[in-house]
Amino acid sequence: MFKWLIRRRIAAFEKQANYDASYMRDILDVDPRAVMALGGMTAIGGYRRDIPLAPWHAAKITAALDGDCGPCTQLAVGMAEAAGVDPDLIRKVVAGDV
């Protein structure tokens with residue numbers, strides 16, 4: 001039952017973010033506790049307290065770019081867009097023109 005629920009949450013995330021998270025299902029098949037740890041890291045990464053939205057998203061995009069992860073960068077850009085960050089700012093961050 002636990003795996004079924006997590007698979008549904010992964011599918012919902014993929015649909016909402018237009019993102020391929022098949023690696024999460026692979027991790028789930030091998031070690032469900034690892035998926036829970038990954039979820040905890042995601043929760044920590046989502047904490048921003050009173051940091052303004054635009055710089056917070058700019059930092060997330062910059063970190064994904066620095067990690068040289070194209071899918072991660074696209075995910076960070078999509079989340080910034082969904083949060084209403086100025087598209088011109090997003091373009092500048094991705095281009096390194098800040």
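A residue is called buried when its relative accessible area is under 20%, exposed when it is over 50%, and partly exposed in between (1.4 Å probe, protein chains only). By this definition, 21% of the 98 residues of the protein chain count as buried. The model is a predicted one: local features need pLDDT of at least 70, side-chain atom pairs count only at pLDDT 80 or more, and totals for chains, interfaces and linings use all residues. Residues are numbered from 1 along each chain as its sequence is written, and side-chain values use heavy atoms, with hydrogens and water left out.

The protein chain has six helices and zero strands. Helices (H or I, at least four residues) and strands (E, at least two) are DSSP runs, numbered from the N terminus. The order of elements from the N terminus is α-α-α-α-α-α. Along its principal axes, the C-alpha trace spans about 45 × 25 × 20 Å. Contact means heavy atoms within 4.5 Å. Among contacts between residues at least 6 apart in sequence, 38% join residues at least 24 apart.

Helix α1 covers residues 2-17. The expected span of a helix is 1.5 Å times one less than its number of residues. Ile 6, Ile 10 and Glu 14 of α1 are buried. They lie on the same side of α1, because they cover an arc of only 80 degrees around the axis; the arc is that of the directions from the helix axis to the C-beta atoms. Arg 8, Arg 9, Lys 15 and Gln 16, on the other side of α1, are exposed. The cover over the buried residues of α1 includes α2 (22-30) and α3 (32-45). After α1 comes Asn 18, whose phi is positive, near 50 degrees.

Two packed helices are described by the angle between their axes and the distance between the axes. Axes are lines fitted to C-alpha atoms, for helices over the stretch in contact, and angles run from 0 to 180 degrees between N-to-C directions. Angles under 35 degrees count as roughly parallel, over 145 as roughly antiparallel, 65 to 115 as roughly perpendicular and the rest as oblique.

α1 and α2 pack at about 170 degrees, with their axes 10 Å apart. The two are therefore roughly antiparallel to each other. Lys 3, Ile 6, Arg 7, Ile 10, Phe 13 and Glu 14 of α1 meet Ser 22, Met 24, Arg 25, Leu 28 and Asp 29 of α2. By class, this contact has five nonpolar, one polar and five charged residues. Ala, Val, Leu, Ile, Met, Phe, Trp, Tyr, Cys and Pro count as nonpolar, Asp, Glu, Lys and Arg as charged, and the others, Gly among them, as polar.

Helices α4 (residues 53-66) and α5 (residues 70-82) also pack at an angle of about 170 degrees, with axes 8 Å apart. α4 and α5 are therefore roughly antiparallel. The α4 side of the contact consists of His 57, Lys 60, Ile 61, Ala 64 and Leu 65, and the α5 side of Cys 72, Thr 73, Ala 76, Val 77, Met 79 and Ala 80. Eight of these residues are nonpolar, two polar and one charged. His 57 is buried, with a relative accessible area of 4%. Neighbours within four places in sequence aside, His 57 contacts Ala 76, Met 79, Ala 80, Ala 83 and Val 85.

Pro 87 belongs to helix α6 (residues 87-95). Pro 87 is partly exposed, at 47% relative accessible area.
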